[in-house]
Amino acid sequence: METFQSWVSEHKLTSIGALWTTAVGGSLAYTRSRTPLKPSLRLIHARMHAQALTLAVLSSAAIYHYYEKKGNNNAAAAAAASSK
């Protein structure tokens with residue numbers, strides 16, 4: 001898990017692009033098998049689903065980064081207070 005997190009940290013845009021592409025492909029495959037829509041409507045729905053997934057991942061990454069940074073600051077403050 002640690003190696004995956006470090007790779008994602010180093011390749012943020014690649015990770016987001018791969019997630020977006022996978023979401024578009026998955027959504028196109030799902031709508032193709034479930035609903036009789038025109039290809040243009042399938043593409044529009046796939047793009048919307050991929051955008052929603054991307055926003056969810058970016059939001060969760062921002063929240064994770066915030067709490068990770070907050071935890072590191074609290075740990076540093078506790079270490080400084082205990083050394084006095």
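Let us start with residues 12-30, where the chain is 100% helix and 0% strand and the end C-alpha atoms sit 27 Å apart. Helices here are DSSP runs of H or I of at least four residues, strands are runs of E of at least two, and both are numbered from the N terminus. The model is predicted, with local features needing pLDDT of at least 70 and side-chain atom pairs counting only at pLDDT 80 or more, while totals for chains, interfaces and linings use all residues. Residues are numbered from 1 along each chain as its sequence is written, and side-chain values use heavy atoms, leaving out hydrogens and water.

An unreviewed UniProt entry places the feature "transmembrane region" at residues 12-30 and 50-67; such annotations may be inferred rather than shown by experiment, and their positions follow the numbering used here, with feature names shortened. Residues 50-67 are likewise 100% helix and 0% strand, and their end C-alpha atoms lie 26 Å apart. The unreviewed entry also gives "domain: HIG1" at residues 1-76. That span is 92% helix and 0% strand, with 25 Å between its end C-alpha atoms.

Now to the division of the chain: domain 1 covers 1-36 and domain 2 covers 38-83, with bounds from an automatic or database domain assignment. Twelve residues from domain 1 and 14 residues from domain 2 take part in the contact, meaning heavy atoms within 4.5 Å. The C-alpha centres of the two domains are 15 Å apart.

How much area do domain 1 and domain 2 bury between them? The figure is about 1000 Å², 73% of it on carbon and sulfur atoms; buried area is the accessible area (1.4 Å probe) that two parts lose on being put together, summed over both. On the domain 1 side that touches domain 2, helix H2 (residues 12-34) gives the most, with nine residues. The residues of this side divide into seven nonpolar, four polar and one charged, where Asp, Glu, Lys and Arg count as charged.
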